[in-house]
Amino acid sequence: MGAREYLQQEMPLLMSWRHDFHAHPEIGFQETRTAARVAELLAGWGIEVRTGVGGTGVIGTLRGRRPGHNAIGFRADMDALPMTGRADVPYRSTRPDAFHGCGHDGHTATLLGAAKYLSEHPDFAGTIHFIFQPAEETLRGGPAMIADGLFTHAPVSEVYGLHNNPLMPPGKVGIRTGAILSGCDPLRIEVHGVGAHGAQPHQGIDPIVIACELVGLLQTVVSRSLNALDSGVVSFGVIQGGTTANVIPDRVVLEGTIRSMSTEGRALLLRRVGEICDGVARCFGIKITCDIAAGCPPTMNHAEPSAAVARAARLVVGSDDLVADVTPLMASEDFSFMLQERPGAYFFVGQNGPNCHHPEYVFDDAIMPIGGAMFVQIAYDRLNRT
């Protein structure tokens, strides 16, 4: 029996895990219950377990039936979003302030299914490390595990991860070489003006007008500085300033995000945003502080691992359901840090329903056998090479 058929038969078990995680969501670095359950299941299948990596991360280590020096890693994220879900399901979140609105409950259950199958069918040479990561939504869980010795505890030569994708038809597998997700850098700008009466703006320096000018100018970073064949976004989601209609405030705060699809594009966007803020400050004779937090780089798939994902997909879903050059997304992932440390690939599995981070999002249980079988086939492909 193949892995997909096996996992299809095990669906009641996979769904029980997933629904339990969904009903008891935990946000970044607080995944104690989830991590304990993951560790318990792995240990029950005879898999070596290490806990507390990078805070609440878990690593399961499984050695194949045949000796070998190669080792690969499979990663799943465990954390929920700090938001209220509105999905009408019987296993809905028991917490009003946490919700698995991105499918990490499904990713965790999928990798557990693959681990169970591989523990019963260790027909490979070498070692597999199952990496259950905290705090992906903060973009800090991956770096935390790496800093805490992830690749010392799990000395892999390659690492793989997946994500559900409601923008793809259900059941299809998407992969591409190169950038598949964007880099992300949070942006906070403070415009320090001079307050005044709303009827006498000439006696102050209006930070609202300057902030509005700044938002428009910063759009030229993408349209006029970035190579048209590259991709980038500068978006603002917060503008805060003032307390009443007839008073010009002395400060306005802008918060937003910078997204980029290449390392070179990321560096250019970060530099130009800072330069424009400095220029506007000099133009108006005020102070503008521009703080760009260190986010994450683009998620860059390596060529040979991407080819291995494509081969696995042809076996699991067939050539017709393989999207071999899938459209990249402007979403971001801290799996990108792992791909900076080791070759590997990140792939999508399509599903129906609202997009991730929507309050009515629901992970599609039906794709778990596909994702789990993909991990299994990748393991056999990469570890059974002669």
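Helix 10 and helix 12 first. Helix 10 covers residues 303-316 and helix 12 covers residues 368-383. Helices here are DSSP runs of H or I with at least four residues, strands are runs of E with at least two, and both are numbered from the N terminus. The two helices pack at an angle of about 120 degrees, and their axes are 9 Å apart. An axis is a line fitted to C-alpha atoms, for helices over the stretch in contact, and angles run from 0 to 180 degrees between N-to-C directions. Helix 10 and helix 12 are therefore oblique to each other. The scale goes like this: under 35 degrees is roughly parallel, over 145 roughly antiparallel, 65 to 115 roughly perpendicular, and the rest oblique.

A word on the source. This is a predicted model, where local features need pLDDT of at least 70 and side-chain atom pairs count only at pLDDT 80 or more, while totals for chains, interfaces and linings use all residues. Residues are numbered from 1 along each chain as its sequence is written, and side-chain values use heavy atoms, with hydrogens and water left out.

Back to the helix pair. Which residues in helix 10 meet helix 12? Among them are Glu-304, Ala-308, Val-309 and Arg-311. On the helix 12 side, the list includes Ile-370, Ala-373, Met-374 and Asp-381. Contact means heavy atoms within 4.5 Å. By class, this contact has ten nonpolar, one polar and four charged residues. Ala, Val, Leu, Ile, Met, Phe, Trp, Tyr, Cys and Pro count as nonpolar, Asp, Glu, Lys and Arg as charged, and the others, Gly among them, as polar.

Four strands form an open sheet in the order 10-12-8-13, with antiparallel pairing. Two strands pair if DSSP finds at least two bridges between them. Which are the edge strands? They are strand 10 (232-240) and strand 13 (287-292), and each pairs on one side only. On average, neighbouring strands are turned by 20 degrees against each other, direction ignored.

Let's walk across the sheet. Eight bridges join strand 10 to strand 12. There, Val-234 stands opposite Ile-258 in strand 12. Ten bridges join strand 8 to strand 12, and Gly-183 stands opposite Ser-260. Six bridges join strand 8 (residues 183-192) to strand 13. His-192 stands opposite Lys-287 in strand 13.

Helix 7 (residues 207-218) packs on this sheet and touches strands 8, 10, 12 and 13. The direction of helix 7 makes about 10 degrees with that of strand 12. Helix 9 (residues 263-284) lies across strand 8, strand 10, strand 12 and strand 13, and runs at about 165 degrees to strand 13.

How many residues of strand 12 are buried? Seven of the ten are, so strand 12 is largely enclosed by the rest of the structure. Buried means under 20% relative accessible area, exposed means over 50%, and partly exposed is in between (1.4 Å probe, protein chains only).

Phe-29 sits in the loop between helix 2 (11-23) and helix 3 (32-44). Its phi is near 65 degrees, a positive value in a residue other than glycine. Phe-29 counts as partly exposed, at 37% relative accessibility. Leu-139 lies in the loop between strand 4 (125-133) and helix 5 (141-147). Leu-139 also has phi near 65 degrees, but Leu-139 is buried, at 10%. Gly-106 belongs to helix 4 (residues 104-120) and is buried at 0%.
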